[in-house]
Amino acid sequence: MDRFTGPQRAYCVKQFYLNNNSLITVRRLFRVEYDLHDLSQCPSGPLIKKWVKKFEETGSTLNVKQTGGPRTSRSEGNVEFLYNEKNATNRVRGM
């Protein structure tokens, strides 16, 4: 789970544009908006930059979940090839 919600990320990106790209101002405003006691609870400058870049590239700051299963190289042809290679290696060792 992400530490910061979608609305919190959107707030940071919006404030970044409204305050002349000032990361320090964004962090201070975030702290006041969400009633946090110190800046260590706020998103870091590099993280806000990452959100802004992602927003400019995709129109969203949220991570897109991957669909489908992991990519594998296990096809019938590959399985058969590896089986034959293993048997060939065992035959050479057995001599």
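Reader: Let me start with Asp 35: is it buried or exposed?

Author: Asp 35 is exposed, with a relative accessible area of 63%, where buried means under 20%, exposed over 50% and partly exposed in between, using a 1.4 Å probe and protein chains only. This is a predicted model, in which local features need pLDDT of at least 70, side-chain atom pairs count only at pLDDT 80 or more, and totals for chains, interfaces and linings use all residues. Residues are numbered from 1 along each chain as its sequence is written, and side-chain values use heavy atoms, with hydrogens and water left out.

Reader: And where is the place of Asp 35?

Author: Asp 35 sits in the loop between helix 2 and helix 3, helices being DSSP runs of H or I with at least four residues, numbered from the N terminus. Phi of Asp 35 is positive, near 50°, in a residue other than glycine.

Reader: Changing topic, at what angle do helix 2 and helix 3 pack?

Author: Helix 2 (residues 23-33) and helix 3 (residues 45-58) pack at about 100°, and their axes are 10 Å apart; axes are lines fitted to C-alpha atoms, for helices over the stretch in contact, and angles run from 0 to 180 degrees between N-to-C directions. Helix 2 is therefore roughly perpendicular to helix 3, a label for angles of 65 to 115 degrees.

Reader: Which residues meet there?

Author: Leu 23, Val 26 and Arg 27 from helix 2 meet Gly 45, Ile 48 and Lys 49 from helix 3, contact meaning heavy atoms within 4.5 Å.

Technical notes: Helix = DSSP H or I, 4+ residues; strand = E, 2+ residues; numbered from the N terminus. Parallel < 35°, antiparallel > 145°, perpendicular 65-115°, else oblique.
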